[in-house]
Amino acid sequence: MHIKRSFQSEEELKGTLDYIYGKSKEGKCFNGILEAAFNEVTIITAIHKIKSNKGANTPSVDGQKMRKYLQMSKEKLIQLIQTSVKDYK
């Protein structure tokens, strides 16, 4: 099944995630998950969740803490995350 890759709001993202969860319990497979995962709304939602819990004080794989990334502009941070996933091997 193909999923929508673009979300306009956190509510739309949540609805899509609930749909994926329900269908995956039925054994369905999906296309477009990686693209949806690195959509701007998904990234901003993840950042809000991380900074609101103790994970914000845990260094990431590059040894940096969340506060370093929160000091970046929104556009630069989103671009960094999207570029990083494209270069992932």
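About 560 Å³ of space lies in the largest pocket. This is a predicted model, in which local features need pLDDT of at least 70 and side-chain atom pairs pLDDT 80 or more, while totals for chains, interfaces and linings use all residues. Residues are numbered from 1 along each chain as its sequence is written, and side-chain values use heavy atoms, without hydrogens and water.

Student: What makes a space a pocket?

Tutor: On a 1 Å grid over the protein atoms alone, a pocket is an open set of points with protein on both sides within 12 Å along at least five of seven lines. The volume is the space filled by probe spheres set on the points.

Student: Which residues line the largest pocket?

Tutor: Lining residues have an atom within 4 Å of a point. There are 20 of them, and Ile 50, Ser 60, Met 66, Tyr 69 and Ile 81 lie nearest the centre. Helix 3 (40-51) is one of the helices that supply at least two lining residues; its share, five residues, is the largest.

Student: Why is the pattern of the chain written α-α-α-α-α?

Tutor: Helices are DSSP runs (H or I, at least four residues), and strands are runs of E of at least two. The chain has five helices and zero strands, and the pattern follows the sequence.

Student: What share of the 89 residues is called buried?

Tutor: Buried means under 20% relative accessible area, with a 1.4 Å probe and protein chains only. Buried residues make up 21% of the chain.

How values were computed: 1 Å grid on protein atoms, 1.4 Å probe; cavity = no way out; pocket = protein on both sides within 12 Å on 5 of 7 lines; lining within 4 Å. Buried < 20%, exposed > 50% of the residue type's maximum accessible area, 1.4 Å probe, protein only.
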